[in-house]
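This report is written for a reader who is new to the structure shown below. Please keep the view open while reading.

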Amino acid sequence: MSLSHRDDQKEVVNVGRRRLLTSGAAGGATLLASATNALSASKPDPAITEIQDWNRYTGDGVDARPYGTPSAFEKDVVRRNVPWLTADPIASVNFTPLHELDGIITPNGLCFERHHGGIAEIDPAEHRLMINGLVERPLVFTMEDLMRFPRVNRVYFLECAANTGMEWRGAQLNGCQFTHGMIHNVMYTGVPLRLLLEEAGVKTAGKWVLPEGADASHMTRSIPLEKALDDCIVAFKMNGEALRPEQGYPVRLVVPGWEGNMWVKWLRRIEVGDQPWHHREETSKYTDLLESGKARRFTWEMDVKSVITNPSPQAPLTHGSGHTVLSGVAWSGSGKVKRVDVSIDGGRNWQTSRLDGPSLSKSMHRFYFDFDWDGSEMFLQSRAMDENGQVQPTKNQLREARGPNSVYHNNSIQTWHVKPDGSAENVEIS
Amino acid sequence: MSKFPKLLLSLAVVGSLGGGVSFADEIKDGKKVFKKCRACHAVGKKAKNKVGPHLNDLFGRTAGALEGYKFSKAMKAAGADGLVWNNDTIDQFVTKPKKLIKKTKMAFAGLKKEKDRANLMAYLKSFDSDAGSDAAKDDKPVDKEASGEQTTKTASTTDGATQPKTASGSGGKLNIGRLALTEEVKAWDIDVRYDGQGLPPGKGTVAEGEPIFTEQCASCHGDFGEGVDRWPVLAGGQGTLEDDRPEKTIGSYWPYTSTVFDYIRRAMPFGNARSLSDDEVYALTAYVLYLNDIVEDEDFELSKENFNSIRLPNEKNFIADTRNEEPHYKPVTEPCMKDCKPEPAKLLMRARVLDVTPDGDHEGSLD
């Protein structure tokens, strides 16, 4: 036994030497120490040798949890708020814990929330969807009516245009939940908006639609008819079950690839018009102020973007050097993500990561980079490319083009500084 | 439980159906009622406009909008205001035409009996080419006798107890939903477009707006629109858009006055939306313009009539989405993979220095 132990150790040392030669970085000592620790578990593990309570005693029966909830050990996997961002939680945002998730689907209870007048609690029996304006027949649908239209199932990301907006001027919030958590990725079931508009008969003068929410903020956005007829969905299910109240129960609009503010929740009305309305959320908000004092409006599409979710400030590396799974998510509002490159030296050298799981248009993609960490400090970055050849820019490229006050549509490359102890921090580098 | 009560129940249902009037009967009776209309109106396959317009595909038609018929000004105006013919509007009109449209040229006293009106509508509906009837699906010419027969079939397929709930239908391809009533559209469609389309009648002065603002708005927006805590600043900031820290307010940033009116009217005051009268919204909008020095006279009165004469100074500074003109938008087939920077990356800025991240309760999340 002692012999094989020594052999193992020698092998680790050799691996360590190889890493040292290639990386030329400090940290070999840490590596050796942690590697020795990993091999020194000579005492039997009580988790194996002792009989645990759950081995012996029976647990809850089938009816104890009629609607299942996560294990008590997952209690920290929750949405979180940044209280100083807004005046009141009724008109505020919280963030998806990206660093706790894997795959591409965001569980319903963890999808970030953004409300402008709190959560509307609507009895579906009392909900109506009206289509009016430049249509042959202004119509009213009940939820029951909507269920009679042909349905589709589609997976799409929803990203708030302000996601990563706090990072324009520099590294600010320490955790990918806060820097990148205004996104979720969900499978929607619903009716193509096209079918509802066809039922009402859009007049030839109709060029725009205005969806309106039933909540106290009466959210409205102008959407070009072309988009409305293309891939928008009037959705009543998310990930197979009814929409959550905070996501627009009983029905919301899905506007694939475009900024989340347009995905009107608690959808009660769609007006057809011949011009855009220029309402509050598309003039005073969700317009992008440039350094020249000019402001872009109707910047709908979400650009290609990615972030490493693990490791990240809220999810440090705790296992020490050795084989490491780096993971993250990537998405593009214009189609599929083709490739995600990863750098551990702050963008000097890149390697292509492995995409795994479904690759769907305008949906999150999951990437992995499996590597042998030598225990030295790293500057982690990910850089996504979409199928149209768009490449995620650096922070400086965006700031040069737009100045520091554009707020929205920050799709720049994120840097995490991972220290030899495995902790990580949101940083900016040269 | 024995089956007996159930059996009784089902017998009762059948009984009531038997004693009731079928859809086909309604159409038959409606045809008789239509005799009163035939002098002026035609329906059916070869129907043309006569003294009055033809009545094929009447349901879902906007009042005064049928091409090739010369309507009264009053009827055209009603259509422009959103009057669409459906069960309710036809019922109202036929009850007493001049009550619904005062200056209609239709010289008809009206049908007093509800049953007559219902039967008439059932008859007229049988000439709806896309009402989802079997006749429409088969694309057969709509002929009075045939449609009666077809509708009988439809009625018989309902198979028992109740009339289908959506019997009226939207008139669309799938015939799902129902036509929105004029009052319903009016109740919800209160938004105002950038060019003032949708503004209600009304007016209000700066002086009238001030006490309303103090009472309803100042607790969040401050007495002078300066904003309390992180609530939106409404006034000031003009000339700061190119500054390092621009202040985006109604006066400095917003492009259109209509947006102020629309937003206040639909969503303010926060927590009590839709509680202000239209005149109050005009007055508040005037007051906010005053706070921003857009108008300077306390007696200035904003109204539907003069609304579009008020322009906000930043209107011209909004441009289209020009992101794809930025250099990094040029599509790339192969980005740099090796030695992309001349020297190793150096730390320039750390988030932890700022200490603005909320404390997670997660182990190892933050310092």
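## Domains, strands and a helix

In this predicted model, the C-alpha centres of domain 1 of chain B and domain 2 of chain B lie 47 Å apart. Domain 1 covers 23–143 and domain 2 covers 203–317 of chain B, with bounds that come from an automatic or database domain assignment.

Residues are numbered from 1 along each chain as its sequence is written, and chains are lettered from A and ligands numbered from 1 in the order in which they are written. Local features need pLDDT of at least 70, side-chain atom pairs count only at pLDDT 80 or more, totals for chains, interfaces and linings use all residues, and side-chain values use heavy atoms, without hydrogens and water.

In chain A, strand E3 (residues 128–133) pairs with two strands, as tabulated here; pairing requires that DSSP finds at least two bridges between strands, and strands are DSSP runs of E with at least two residues, whereas helices are runs of H or I with at least four, numbered from the N terminus.

| Partner of E3(A) | Bridges | Direction |
|---|---|---|
| E4(A), residues 139–142 | Four bridges | antiparallel |
| E12(A), residues 267–273 | Four bridges | parallel |

A:Leu129 stands opposite A:Phe141 in E4(A), and a hairpin of five residues joins E3(A) to E4(A), while A:Ile131 stands opposite A:Ile270 in E12(A).

In chain B, helix H4 (residues 87–95) has as its buried residues B:Thr89, B:Ile90, B:Phe93 and B:Val94, where buried means under 20% relative accessible area (1.4 Å probe, protein chains only). These residues lie on the same side of H4(B) because they cover an arc of only 125° around the axis.

Technical notes:
Buried means under 20% relative accessible area, exposed over 50%, partly exposed in between (1.4 Å probe, protein chains only). The arc is that of the directions from the helix axis to the C-beta atoms.
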